[in-house]
There are 4 protein chains.
Amino acid sequence: MPEIKFPLILINFKAYKESSGKKGLELAKVAEKVWKETGITIAVAPQLTDLAYIAQSVEIPVFSQHVDNFSPGAHTGYVTLEAVKDAGAVGTMVNHSERRVRLDVIDDIVKRARDLKLTTLVCSNTPEVSAAVAALGPDMIAIEPPELIGTGIPVSRAKPEVVTGTLDLVKKVNPSVKVLTGAGITTGEDVEAALKLGTVGVLLASGVVKAKDWYKAIMDLVRPVLR
Amino acid sequence: MPEIKFPLILINFKAYKESSGKKGLELAKVAEKVWKETGITIAVAPQLTDLAYIAQSVEIPVFSQHVDNFSPGAHTGYVTLEAVKDAGAVGTMVNHSERRVRLDVIDDIVKRARDLKLTTLVCSNTPEVSAAVAALGPDMIAIEPPELIGTGIPVSRAKPEVVTGTLDLVKKVNPSVKVLTGAGITTGEDVEAALKLGTVGVLLASGVVKAKDWYKAIMDLVRPVLR
Amino acid sequence: MPEIKFPLILINFKAYKESSGKKGLELAKVAEKVWKETGITIAVAPQLTDLAYIAQSVEIPVFSQHVDNFSPGAHTGYVTLEAVKDAGAVGTMVNHSERRVRLDVIDDIVKRARDLKLTTLVCSNTPEVSAAVAALGPDMIAIEPPELIGTGIPVSRAKPEVVTGTLDLVKKVNPSVKVLTGAGITTGEDVEAALKLGTVGVLLASGVVKAKDWYKAIMDLVRPVLR
Amino acid sequence: MPEIKFPLILINFKAYKESSGKKGLELAKVAEKVWKETGITIAVAPQLTDLAYIAQSVEIPVFSQHVDNFSPGAHTGYVTLEAVKDAGAVGTMVNHSERRVRLDVIDDIVKRARDLKLTTLVCSNTPEVSAAVAALGPDMIAIEPPELIGTGIPVSRAKPEVVTGTLDLVKKVNPSVKVLTGAGITTGEDVEAALKLGTVGVLLASGVVKAKDWYKAIMDLVRPVLR
């Protein structure tokens, strides 16, 4: 299994046309190239339909964008944690703002993922929700005010208090949970700000996926970490 | 694109552990082998996470088990028709009894799939629901009384009137829609009965996926068609 | 039980603040007054929480805005058909564009409502979906292109072909199903146009609920019917 | 508004046929009678369709069984907090095991209910989920292991560690949140055990609703509190 080191840069492919199928594999290969050249962990979350296709072809950590709360069995059209693991992914995102999940389901998934040695990254929108998630004990939380997602305005600039408030509450409830910064990340400066606030990495999507030159966009993100 | 000929045998991998990841690819390869040896169309519906992985590796028709009603964009964790196409699949199942869908969503998906030249197979549980689906104009309907799914008791034996009732109503509402028989199919005899009732193929899952010898199980299904 | 006669004017209270609680009862009383004065059936669909409160206090037909597909039992927070009946309602709306429902659920609800002698009004958005609904055999269909709802632009003016297309297809699939016109209805002129196109009544909401003078707004709707 | 005092006994009417419509009102009247005779707060959570009907007719606190996360507006078939308030209820249950809710939705509802001065009772299934809920700051949590609901086996006897574990974690995360015991409560002994463990009341359903003599069943519950 590819190792997750911090700082972590996780690229969410969402359901963009630019990151689907063969183009998705190509983007994952570019991310892998930057990792090979710099040693910084660049992880990817491909479209669900491309999960095994990409995870079987790259050495960087691959996450599922979502998982359903079913054990293997007669559950047509649902994604199990076991399928995520068999696809070759290291873990899964849970509760992204575009795919929110029930509280009891987050609890179940976090527990079952732990048993399966899959890494969980649970998304959150406010410090209070982050504290709630921390009580469930996932590996990581990504704090992303939904109103900033896709805007290019980083939360670290627009609402730093949401990030620091999350760090404070998470530390109090469950200090072993790591926090990433999401929403509006596009530049190396944004990554730098996220790390300065005390988070251990970033979650981003359009900032890379929609960039004209993927290699340049990802290299720009890792530059402040290299210094 | 692999061509769909009738009779069609469609194997739904569901979320079974026996058909996940590398094992899923292996099962698809066995299905492909039977097609090569017999010329009978064996299609597969792999787990969502394996869709591109399998569709890029076999020459038989591959279906998605499910699709969400989104266009490409910022829809983390959802499966678009475009992603299904980019994965290399020929079409998608819709409204399986384990993953029912809203009426307006079936309508949207059928229309958008037509534009994208993707084949739609909509599942149904009663003659009335089959008639309703036929009004939306999908390529195929699979009639599956949910209470027989996974039982090994074929609908053609337990409730033939559900199949013939579906054929009658579908013919009246939209004669261009093809009908498959599902639920409880495990043997070549069941396939034979399905074709005799007037349907153009079968949809099955555990009858193959849970079989000890996949090749033998699939060969047994196609035997009556070969005679 | 209050009798439903045609033409029927059904006022949907939605979740507007103007039609909630005591104000909802007051609005229902105004509708009842118009019925008493004119003999035209004015039915109301109060907010779910007000259903019994209003149905027990007026003599006009009361509909539920929605119903869940459960039999009575341990289903906290869900609305059963039996509860709708015990509340004193004559029937239920199903599949409103703001609360769409699964195809198999519409089928179940229509069948169970028939057994309970509750009237079903299923909403639809296109002629094809209307035909699909007709195949399930509800008492009534309301055709409402969602993009016109709440606009004040009546479908009879903006898209008369959606109404006539629905009438044609419904007649073909199941001629016993009655069709209402919805979306954008605010004036007596709109009601007149709906009846001229061949539908048996109208479904409307903001046109009455948001009116300054409820009595005047409802009287204006029934005027062309009285002539 | 009727005042909530502790210990609190909250009777959930669920969707039982025994507690629907006029029978629901009758049951609420019996609960009110016990309150008048003993001074112990007996609150009720009627079926959604009966909420205003019952809340307008009794002086005891009435809760909604569920609420949707919408503001007043064009949301046909959904229950808003404002409708709950206009119906005359003092608050709402949220996230019952039969009607689980998304984490971000619980957060929104708790905040909006606070602004509207509505009391929130959020249900939970494990100590970890209770801690998560406590981080969101509702007024009350009811801890109910779903496997015991409706069994007549009280959690205080079968799994006291779930109750005490909840109390410990909730105290740590947010000591202002009150905890009720749910699941399997039927007798005064169960109420006594719940209070001894440190919770401030009970949430129950079938133990009262399905009892042959409602008055006797509720009086039996309050007896240990009276001593």
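**Pockets and symmetry in a predicted model**

Hi everyone, let me start with helix H4 (103-115) of chain A and helix H4 (103-115) of chain D: each supplies at least two residues to the lining of the largest pocket. Helices here are DSSP runs of H or I with at least four residues, strands are runs of E with at least two, and both are numbered from the N terminus.

Some housekeeping. This is a predicted model, where local features need pLDDT of at least 70 and side-chain atom pairs count only at pLDDT 80 or more, while totals for chains, interfaces and linings use all residues. Residues are numbered from 1 along each chain as its sequence is written, chains are lettered from A and ligands numbered from 1 in the order written, and side-chain values use heavy atoms, with hydrogens and water left out.

Back to that pocket. By pocket I mean an open set of points on a 1 Å grid over the protein atoms alone, where a 1.4 Å probe fits, with protein on both sides within 12 Å along at least five of seven lines; lining residues have an atom within 4 Å of a point. The largest one holds about 2200 Å³ of space, the volume being what probe spheres set on the points fill, with points joined across faces, edges and corners.

Now, symmetry. A rotation of 180° with 0.0 Å of shift along its axis superposes chain A on chain B, at RMSD 0.0 Å, fitted by least squares on C-alpha atoms of residues with pLDDT of at least 70 in both. The two copies are thus related as by a two-fold rotation axis. In chain A, the C-alpha nearest that axis belongs to A:Tyr53, 2.0 Å away. Both copies use the same surface: 100% of chain A's contact residues (heavy atoms within 4.5 Å) recur in chain B.
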